[in-house]
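Me: I'm new to this structure, so please take me through it with a few questions.

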Amino acid sequence: MKSKRLLALLAAGVMSVGMLAGCGSSEGSSAGSAASTGGTDRKGTMTLVMSTRDDFLSTLETAALSYAEETGYKLTSQDAQNDAAKQIQYVETAVNGGDAAVIVNPVDSDAAQSVVDAAGDTPLVFVNRAPTDMHVLDPENVGFCGSDEDTSGYFQGEYLAEYFKAKGQTDVKYILLQGELGQISQIKRCAGVLKALEDNGINATSVVDLAGKYDRAEAMNKIAPVLTSGQEFDCIISNNDSMAMGAIEACEAANIDPSTFPIVGIDCTKDGAQAVSEGKLAMTVYQNPLGQGKGAIQAALNLINGDPANKDTEFIKDESGESYSDSIVWIAFEPVTADNVADYM
């Protein structure tokens, strides 16, 4: 499986940079050395501008730092702390400093054009979060590396449909924990799971949709009063593992056994995989942070060299036939259940 091979290839590099990406400060971190053209040559440098640093994004960041070092580039990482204006400032600083490329995990997918404008002629790669309007991508100068969110929620829905069909149940009531409202990942993950349920003959009705903001504590606080309200539900659908873990904690605090009904997440974080192995989380969907970090660097190097972002990468090319197809590097999502979770731990 691609993700397992990638994990093996990057394990040593990720360990070597340790916890550089794990801190939550806004100070930049860097790894690697300048390219062979010399330490003062900014053409041997790139900047990664993160929206924030959670468990998943920190792993992505560490992988990017590690792979950039392997290629001879010095990668500096900045944390915008979910501030879109600050993110633009970091991009402008990188461009004015003469960086060869900028990689951005956008705070606001709707504002991708502003990031493109700030980058100007400097090669730009969006990572993890796709622009809402993919037409801002340009095969010559603007790329995207991430996972196709149309499939992530769909895997959740397929699992739930199979689970309830096995029980002879076609009418299902769910609690939905949503990520940051309006983000493309939140929109597509919600749409994907509901479409899969519908496609598989399940009549799904929402008990309540909660804005958990992809945050564990926020999700726990939001769902706790619902769990004790007496409202009946059949499953909990979460846009990511962090919120799913918050739901599990809220269930346990309310003396509700989370293994007695399906809770589903996305990302397959370390905690998420452990919860699947313990039967507390029914399933998750592996989003490959190592692949996204490495793929973003590969895409940036291609653009620097005047090639399309997806040229000769080890990942998936876009087959949509859209004008921006050559600008996209897809990293596959993979469903994770009790049957295969050991492969992801």
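Me: At what angle do α2 and helix α10 pack?

Reply: This is a predicted model, where local features need pLDDT of at least 70, side-chain atom pairs count only at pLDDT 80 or more, and totals for chains, interfaces and linings use all residues. Numbering starts from 1 along each chain as its sequence is written, and side-chain values use heavy atoms, without hydrogens and water. Helices here are DSSP runs (H or I, at least four residues) numbered from the N terminus, and α10 covers residues 289–304. With their axes (lines fitted to C-alpha atoms over the stretch in contact, angles running from 0 to 180 degrees between N-to-C directions) 7 Å apart, α2 and α10 pack at an angle of about 45°.

Me: Why is α2 described as oblique to α10?

Reply: Angles under 35 degrees are roughly parallel, over 145 roughly antiparallel, 65 to 115 roughly perpendicular, and the rest oblique. The two helices pack at about 45°, and that makes α2, relative to α10, oblique.

Me: Which residues of α10 make the contact with α2?

Reply: Contact means heavy atoms within 4.5 Å. On the α2 side, it is made by Phe 56, Thr 59, Leu 60, Ala 63, Ala 64, Tyr 67, Ala 68 and Thr 71. Their partners in α10 are Pro 289, Leu 290, Gln 292, Gly 293, Lys 294, Ile 297, Gln 298 and Leu 301.

Me: How many residues in the contact of α2 with α10 are nonpolar?

Reply: Ala, Val, Leu, Ile, Met, Phe, Trp, Tyr, Cys and Pro count as nonpolar, Asp, Glu, Lys and Arg as charged, and the others, Gly among them, as polar. In this contact, five residues are polar and one is charged, while the nonpolar residues number 10.

Me: How do helix α7 and helix α8 lie relative to each other?

Reply: Helix α7 spans residues 216–227 and helix α8 spans residues 241–253. Their axes come within 7 Å and cross at roughly 40°. That makes the position of α7 relative to α8 oblique.

Me: How many charged residues does the contact of α7 with α8 have?

Reply: From α7, Arg 216, Ala 219, Met 220, Ile 223, Ala 224 and Leu 227 take part. In α8 they meet Ser 242, Met 243, Met 245, Gly 246, Ala 247, Glu 249, Ala 250 and Cys 251. By class, 10 are nonpolar and two polar, and the charged residues number two.

Me: What is the angle at which the axes of helix α5 and α6 cross?

Reply: Helix α5 runs over residues 149–166. Its axis and that of α6 come within 6 Å and cross at roughly 35°.

Me: How many charged residues are in the contact of α5 with α6?

Reply: The α5 side includes Glu 149, Asp 150 and Glu 158. The α6 side includes Lys 188, Arg 189, Lys 195 and Asp 199. Alongside six nonpolar and six polar residues, the charged ones number seven.
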